[in-house]
Amino acid sequence: MVSADPLWSWNLVGDVRQMWSYPFMVNAFRAGAIVAVVSAAVGWFVVLRRQTFAAHTVSAVAFPGAAGAVFLGVGAVSGYFTVCLAAALVIAALRGTGDREESALTGTVQAFLLACGYLFTALYKGLLEGPQTILFGTFLGITSSQVTVLFWVGIAVLAVLALIGRPLLFASVDPRVAAGRGVPVRALSIAFLVLLGAATAEASQITGTLLVFALMVIPAATAQTLTARPMTSLLLAVVLALAATWAGLVAAYYSPYPLGFFVTSFAFAGYVLALGVRVVRKALPGRPVREVAG
């Protein structure tokens, strides 16, 4: 276990060696890297496709999924993946019913599942830290087996995303033209929502269910604010998510506060700085700011 009050010594090499002397911290950094890369890649398309409400819904229902799984004694990981993937499929089925009806149905289901989550936490008689860990995340207790699961799920998500990336980008920028040219827009939308569910289930184990939405959206929004080039923007989103996650792990290790708070705070600080850069660019003559189409 970590000593009661680990202190930052400003000896970077020594601090890193001391922090990584704990196997769970090594696992936390490995898991954080996997989650950051997958969340940023999927989140970039979430922002481009303006599906942040869908992402919020999937992340919100991860809470009752994990809470219900813990209550049933089958493990939170099973709950994360089962409910997140199920929610993604439900959203995919609701798409096309009309914006108002789709939003109303999705919001209603989300509210009901959140209520179920609070019921499960009230019925759960285990450790008090259980609900807090589900909601806000933790770097404690991340095992090698969890890292392995995250790795293979992440590989699968990234592989599918790479396979459908080009047509998905086309369908995201102009779905009508894409459909007219034979791109399977509907099938791509369903496939992407399934990837979103898997990525959310992964990230929830690090940031907690309340803040996974921030890790998935903020780095991508920051990157798209800074550059309009798709590949550059996507890579930048990955770098920003990785930096926020690892910086959050370091900060959480040296403080008593939840990991999810630090990850979100660092990511938000990057977004604020990006907005500042954008304002400066607009103020410069002859330097128009372009946004990613979508």
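Guide: What follows goes from the overall fold to a helix pair, then to the core and to one alanine. Please keep in mind throughout that this is a predicted model.

Visitor: At what angle do the axes of α10 and α11 cross?

Guide: For a helix pair one reads the approach of the axes together with the angle between them, and in this case helix α10 (residues 212–226) and helix α11 (residues 230–253) have axes that come within 8 Å and cross at roughly 135°. Because an angle over 145 degrees would be needed for roughly antiparallel, the two helices α10 and α11 are oblique to each other, and the crossing of α10 past α11 is right-handed. On the α10 side the contact involves Leu215, Pro219, Ala220, Thr222, Ala223, Gln224 and Leu226, while α11 contributes Ser233, Leu236, Ala237, Leu240, Ala241 and Thr245.

Visitor: Which residues touch the most other members of the largest nonpolar core?

Guide: In soluble globular proteins, nonpolar side chains tend to be buried together. The largest nonpolar core of this model holds 67 residues, of which Met25, Val42, Trp44, Leu161, Leu168, Leu193 and Leu196 touch the most other members. At least two residues come from each of α2 (23–48), α3 (52–72), α4 (76–94), α7 (144–173), α9 (185–207), α10, α11 and α12 (259–283), and α2 gives the most, with 17 residues. To take one of these members, Leu168 touches Phe45, Arg49, Leu161, Leu188 and Phe192, when residues up to four places away in sequence are not counted.

Visitor: Is alanine 88 buried or exposed?

Guide: Burial is judged from relative accessibility, and alanine 88, which lies in helix α4, counts as buried because its value is 0%. Leaving aside neighbours within four places in sequence, alanine 88 is in contact with Val58, Leu193, Val194 and Gly197. The C-alpha atoms of alanine 88 and leucine 193 are separated by 5.3 Å, although these two residues are 105 residues apart along the chain.

How values were computed
Residues are numbered from 1 along each chain as its sequence is written. This is a predicted model: local features need pLDDT of at least 70, side-chain atom pairs count only at pLDDT 80 or more; totals for chains, interfaces and linings use all residues. Side-chain values use heavy atoms; hydrogens and water are left out. Axes are lines fitted to C-alpha atoms, for helices over the stretch in contact, and angles run from 0 to 180 degrees between N-to-C directions. Helices (H or I, at least four residues) and strands (E, at least two) are DSSP runs, numbered from the N terminus. Angles under 35 degrees count as roughly parallel, over 145 as roughly antiparallel, 65 to 115 as roughly perpendicular and the rest as oblique. A crossing is left-handed if the near helix is turned anticlockwise from the far one by less than a right angle, and right-handed if clockwise. Contact means heavy atoms within 4.5 Å. A nonpolar core is a set of buried Ala, Val, Leu, Ile, Met, Phe, Trp, Tyr and Cys residues joined through side-chain atoms within 4.5 Å. Buried means under 20% relative accessible area, exposed over 50%, partly exposed in between (1.4 Å probe, protein chains only).
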